[in-house]
Amino acid sequence: MSTHTGMAAKRQAPDSKAGAPVKKRRSPTRMNPALYLFPLPAVAIIAFFLVMPTLQAFQYAVTDWNGFSAAFNYVGVDNFVRAFTKDSLFTNALTNNLKFVLLVVIAQTVFSLLLALLLTKNSRGSIVLRALFFFPTILSSVSVAFIWKFIYDPNFGLANSVLGAVGLEGLQGSYLGDNNQALYWVAVTQVWFHAGQMMVVYIAGLQAIPRELYEAAEMDGANKWQQFKSITWPFVAPATSIVVAYTTVQSFKAFDLILGIAGNPPKSSLDILSTRIYSTFANSEFGYAAAQSIIFMAMIALVTWLQRRLLRLTPKGE
């Protein structure tokens with residue numbers, strides 16, 4: 001009897017709560033509208049300091065505005081035509097810049113990869129050497145420029161002093177004073193400045209490679225070059241994409257390094273796009289300088305895109 005009563009009570013228990021109000025649960029995917037307010041300060045800063053100046057550059061690029069007068073005329077694409085057909089200083093700077101980018105990208109990528117291959121192990125000596133090679137990166141560009149300006153000085157510079165001390169006077173030179181070689185010596189400075197930074201990127205990529213792959217390759221009789229070609233290079237290809245793109249942007253924007261070494265304005269053999277644009281602004285040709293800046297921006301984007309496609313470091317469809 002009691003058993004039947006207990007079972008009946010259990011069957012009636014859910015019915016006793018049937019009249020209670022059921023609380024609706026808030027959907028976990030629903031976002032509080034107040035959260036949209038958090039990005040607003042960052043969006044406002046980006047819009048004010050990046051988007052608006054960029055749009056204004058496009059506006060000024062089709063004018064002859066001098067930067068001070070309230071009056072100006074719209075000249076259409078005349079500024080862009082002038083840059084490529086009538087301004088030998090701009091075309092010279094463009095040629096120098098492309099040559100400088102090519103030199104630095106090749107040398108810095110190869111050198112930083114070699115350093116990473118030599119120092120990839122986490123031994124005490126490797127860690128010390130990594131710190132030494134990375135140290136120049138924390139220096140300011142102006143400091144690096146003055147250090148290497150002293151090294152290259154033909155009269156009392158370190159380079160000629162060392163060559164003279166070891167009996168190699170025939171290799172002494174004027175370095176920055178030689179218009180045919182000055183750009184190459186600045187490229188050496190740029191590589192010394194940033195190779196350690198790119199080395200760190202490569203080390204991160206190398207240390208992510210499973211060691212079992214190398215052990216299996218050694219058991220199959222693969223030599224070091226075959227291991228590099230079949231294992232190392234495919235795994236560090238993404239890191240190479242980063243290094244090449246970053247080095248390209250650095251090389252185009254070596255403004256402070258060039259001015260620190262060559263002075264303001266630099267001589268024609270060391271004039272690059274960023275220094276040429278600065279000189280154009282200084283001459284109160286703001287409209288023409290804005291057009292040069294747009295060409296500069298487009299050149300960086302084009303060269304970076306071509307590098308990524310030619311090296312095939314990005315999957316198709318990206």
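**Entry 1: a salt bridge to begin with.** I looked up Glu285 and Arg82, and their side chains meet in a salt bridge, 2.9 Å from N to O. The term stands for a side-chain nitrogen of Lys or Arg within 4 Å of a carboxyl oxygen of Asp or Glu. Glu285 sits in the loop between H12 and helix H13 (286–310), while Arg82 belongs to helix H3 (residues 78–85), so this pair ties together parts that are 203 residues apart in sequence. I then checked accessibility: Glu285 is partly exposed at 26%, and Arg82 is partly exposed at 30%. My cut-offs are relative accessible areas, with buried under 20%, exposed over 50% and partly exposed in between (1.4 Å probe, protein chains only).

**Entry 2: what I am looking at.** This is a predicted model, where local features need pLDDT of at least 70 and side-chain atom pairs count only at pLDDT 80 or more, while totals for chains, interfaces and linings use all residues. Residues are numbered from 1 along each chain as its sequence is written, and side-chain values use heavy atoms, leaving out hydrogens and water.

**Entry 3: the whole chain.** I found 13 helices and zero strands. Both kinds of element are DSSP runs numbered from the N terminus, with helices being H or I of at least four residues and strands E of at least two. Of the 318 residues, 35% are buried. I also looked up contacts (heavy atoms within 4.5 Å). Among those with a separation of 6 or more, 65% join residues 24 or more positions apart.

**Entry 4: the second salt bridge.** The structure holds two salt bridges. Arg276 and Asp271 form one of them through their side chains, again at 2.9 Å from N to O. Are these two buried or exposed? Arg276 counts as buried at 12% relative accessibility, and Asp271 is buried at 2%.

**Entry 5: helix H7.** In H7 (residues 158–165) I noted Ala159, Asn160 and Leu163 as the buried residues. Seen down the helix axis they fall within an arc of 90 degrees, so they line one face of H7. That arc is taken from the directions from the helix axis to the C-beta atoms. An α-helix has 3.6 residues a turn, so residues three or four places apart point the same way. Helix H6 (141–152) is included in what covers the buried residues of H7. After H7 comes Gly167, with a positive phi near 80 degrees.

**Entry 6: the core.** Which residues have the most contacts inside the largest nonpolar core? They are Phe100, Tyr152, Val186, Leu257 and Ile261, in a core of 24 residues. Such a core is a set of buried Ala, Val, Leu, Ile, Met, Phe, Trp, Tyr and Cys residues joined through side-chain atoms within 4.5 Å. Helix H4 (88–118), H6, H7, helix H8 (182–207) and helix H11 (255–262) each give two or more residues to this core. H8 gives the most, with seven. Leaving aside neighbours within four places in sequence, Tyr152 touches Ser174, Tyr175, Leu176, Trp185, Val188 and Thr189.

**Entry 7: helix H11.** The buried residues here are Leu257, Ile258, Leu259, Gly260 and Ile261. Their cover includes H6, H8 and helix H12 (273–282). Just after H11, Gly263 has a positive phi of about 85 degrees.
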